[in-house]
Amino acid sequence: MNRGNKSRSYNSTSSSRTKDAILAKERWRNWWIRGILSLTMLAILAVVLYLGPLAIVALIYTLQVKCLHEVISLGYKNWPRELPWFRSLNWYFVLVANLFFFTENFDWRLHEQFSSSRSITMFINNHRFIAFSLYLFGFVTFVLSLKKGFYLFQFVQFGWTHLSLLVIASASVLIMRSIYEGLIWFLLPVCLVVCNDIMAYMFGFFCGRTQLISLSPKKTWEGFLGAFASTVLFSVAFTSLFVKYPIFICPNPGFSHYNSGNCEPSDVFLPQEYQLPDTVINILSLKGVSLSSLHIPPAIIHAVLLAVFASLIAPFGGFFASGLKRAFKIKDFDNLIPGHGGATDRFDCQLIMAVFFFVYYQTFIKPIHMEYVLNSIYSLPVSEQLTVYQHLHQHLVAQDAIQV
């Protein structure tokens with residue numbers, strides 16, 4: 001009897017070890033797949049950056065459409081065949097929204113690019129009315145397409161599509177805007193999220209023991225905290241390096257090409273002196289370090305604050321997506337990228353980061369670009385340009401900046 005019990009115990013232990021070995025092998029297999037494809041995606045981004053701003057815009061639009069396809073398609077799982085054109089109507093709203101967002105954000109650049117075309121200029125000048133008229137056409141079509149027995153499904157899909165547009169399309173447009181403020185303002189928030197995601201996976205893979213949140217069982221406290229420290233350090237190193245190169249810090253006036261580097265650096269990129277708190281000075285003195293102030297560009301401080309957000313708040317975009325997937329009982333939004341899932345799985349945290357960065361940049365960083373002011377004046381009729389000139393002349397005379 002004892003021999004039988006020992007045999008069963010040995011078989012159970014052997015089976016457990018075999019299972020653990022298989023799981024470990026699978027983990028390492030996924031590690032290599034994720035690593036190789038992550039490097040591939042970074043290489044693709046580098047190529048797109050080399051091709052210029054328009055290539056970046058095209059890439060963002062491609063990812064936006066793919067994300068929208070994945071999210072909107074969640075509602076099509078029980079799509080009734082009695083509504084053959086309903087999916088087309090949802091994509092019509094996507095097209096109209098992108099037409100509005102794109103023209104609204106790049107109107108003055110489009111004016112410069114197509115100034116010789118009267119029809120395109122007229123479209124740009126009236127794009128808000130045109131986009132709204134197109135939306136009303138879709139709205140009326142939706143109301144006329146309502147079919148008895150499918151009202152709930154149609155209204156849920158109508159709201160789902162509009163919510164997806166609000167979250168995904170608007171965020172992607174904000175990312176596009178940052179490209180033309182200076183390439184560093186596009187790269188910094190994007191790379192902070194990428195760094196945080198990679199380091200959370202690395203620390204979680206090698207050190208992870210304590211589950212962080214039930215919505216995403218593979219996320220660990222070790223990965224979360226390790227990624228936080230890594231991302232903050234990365235933000236300092238990244239910004240310290242790229243503020244030295246004009247091509248990254250100069251605004252891009254051209255629609256399809258980078259600034260050649262002929263610009264006056266904004267104050268945010270110029271070193272300034274920051275006095276350290278007395279407590280920090282005393283602690284450093286105890287260590288034999290004599291340091292009372294730091295001489296650094298304000299951009300580094302902004303980068304650290306952005307890194308804190310990318311580490312502590314942006315991951316909740318991923319947790320939100322995990323909850324959404326659980327609600328629909330799916331593992332990933334798609335299987336586009338092996339080991340990563342779909343485009344939405346990969347860029348969920350970028351969406352919330354894009355919105356935060358836009359608000360932060362507009363509030364604390366954005367300088368007044370002379371090009372924007374001049375282009376606004378140039379777009380006025382000649383009579384109004386003369387009025388601006390007269391008011392400006394009077395103001396300068398009153399300030400004793402010029403003599404009459």
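Author: A term is needed at the outset: a crossing is left-handed if the near helix is turned anticlockwise from the far one by less than a right angle, and right-handed if clockwise. Helices (H or I, at least four residues) and strands (E, at least two) are DSSP runs, numbered from the N terminus. This is a predicted model, in which local features need pLDDT of at least 70 and side-chain atom pairs count only at pLDDT 80 or more, while totals for chains, interfaces and linings use all residues. Residues are numbered from 1 along each chain as its sequence is written, and side-chain values use heavy atoms, with hydrogens and water left out.

Reader: In which hand does helix 12 pass helix 14?

Author: Helix 12 covers residues 298-312, and its axis lies 11 Å from that of helix 14, at an angle of about 150°. Axes are lines fitted to C-alpha atoms, for helices over the stretch in contact, and angles run from 0 to 180 degrees between N-to-C directions. Helix 12 is thus roughly antiparallel to helix 14 (angles under 35 degrees count as roughly parallel, over 145 as roughly antiparallel, 65 to 115 as roughly perpendicular and the rest as oblique). The crossing of helix 12 with helix 14 is right-handed.

Reader: What is the hand of the crossing in which helix 3 passes helix 6?

Author: The axes of helix 3 (residues 86-105) and helix 6 (residues 127-145) cross at roughly 165° and come within 9 Å. These two helices are therefore roughly antiparallel to each other. The crossing of helix 3 with helix 6 is left-handed.

Reader: Which parts does the pair of Phe-142 and Phe-158 tie together?

Author: The whole structure holds 25 aromatic pairs (rings of Phe, Tyr and Trp, its six-membered ring, pair if their centres lie within 6.5 Å; planes under 30 degrees apart count as stacked, over 60 as edge-to-face and the rest as tilted). Phe-142 and Phe-158 form a stacked pair, 4.4 Å centre to centre with 25° between the planes. The pair ties together parts 16 residues apart in sequence, because Phe-142 lies in helix 6 and Phe-158 in helix 7.

Reader: Is Thr-161 buried or exposed?

Author: Thr-161 is found in helix 7 (residues 151-181). Leaving aside neighbours within four places in sequence, Thr-161 is in contact with Ile-72 and Asn-90. Buried means under 20% relative accessible area, exposed over 50%, partly exposed in between (1.4 Å probe, protein chains only). With a relative accessible area of 0%, Thr-161 is buried.

Reader: What is the relative accessible area of Lys-329?

Author: Lys-329 has its place in the loop between helix 13 (315-327) and helix 14 (343-365). Its phi is near 60°, a positive value in a residue other than glycine. Lys-329 is exposed, with a relative accessible area of 74%.

Note on methods: Contact means heavy atoms within 4.5 Å.
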